[in-house]
Amino acid sequence: RARAIMDIIRKWLREDIGVPIEDGQDMGMLFANGVAFARILHHYGLQPDLAEFTSGHSPEVQRRNFQRLHATFLSLNIPFGPRLAHQIMTQEPGAAEAVVHRLKVALAPAPHPLDAAAGGLGG
């Protein structure tokens, strides 16, 4: 089941967001510097400073990028602090995937109440 969820997330990243990721590709390296997170958030209009993010994997670059992301994650009710940032930067298995999954859920459009009601009207 976890693999199926990750396949859906990879498809979302690739087709909807435009993040270059292949099926089965490890997300750790892709998200380690924070730029891919910024691209997702920018796609939804939540991270207007995308141009300020720096590609690269030095600790200083990673730290600056994740500091820029911090407030946006919190605004989406995604707990994000130094420990989680460190886990992502050091590519701890599953850390980036967990945050990407939470982002996908947080950014999914909420179903309109009338859509559910219309299903029961028989049309």
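Which residue, with a positive phi, follows H4? I looked there before anything else, and found that H4 is followed by Asn 77, whose phi is positive, near 60°.

**Entry 1: ground rules.** I am working from a predicted model, in which local features need pLDDT of at least 70 and side-chain atom pairs count only at pLDDT 80 or more, while totals for chains, interfaces and linings use all residues. Residues are numbered from 1 along each chain as its sequence is written, and side-chain values use heavy atoms, with hydrogens and water left out.

**Entry 2: two loop residues.** I placed Asn 77 in the loop between H4 and H5, where helices are DSSP runs of H or I with at least four residues, numbered from the N terminus. Asn 77 is not a glycine, yet its phi is positive, at about 60°. I noted Asn 77 as exposed because its relative accessibility is 64%, the classes being buried under 20% relative accessible area, exposed over 50% and partly exposed in between, with a 1.4 Å probe and protein chains only. Gln 91, also not a glycine, has a positive phi of about 60°, and I found Gln 91 in the loop between H5 and H6. Its 32% relative accessibility means that Gln 91 counts as partly exposed.

**Entry 3: helix H4.** I checked the length of H4: its 17 residues should span 24 Å at 1.5 Å a residue, and the end C-alpha atoms are 25 Å apart, which agrees; the expected span is 1.5 Å times one less than the number of residues. I also recorded a kink of about 35° centred on Leu 69, the bend being the angle between axes fitted to the seven residues ending there and the seven starting there. Leu 69 is itself buried, and the buried residues of H4 also include Phe 66 and Phe 73. Among the elements covering the buried residues of H4 are H2, H3, H5 and H6.

**Entry 4: H5 against H6.** I then followed helix H5 (residues 82–89) to helix H6 (residues 95–107), and found that their axes come within 8 Å and cross at roughly 120°; axes are lines fitted to C-alpha atoms over the stretch in contact, with angles from 0 to 180 degrees between N-to-C directions. Leu 84, Gln 87 and Ile 88 of H5 meet Ala 95, Ala 96 and Val 99 of H6, contact meaning heavy atoms within 4.5 Å. In H6, I listed Ala 95, Ala 96 and Val 99 among the buried residues, together with Glu 97.
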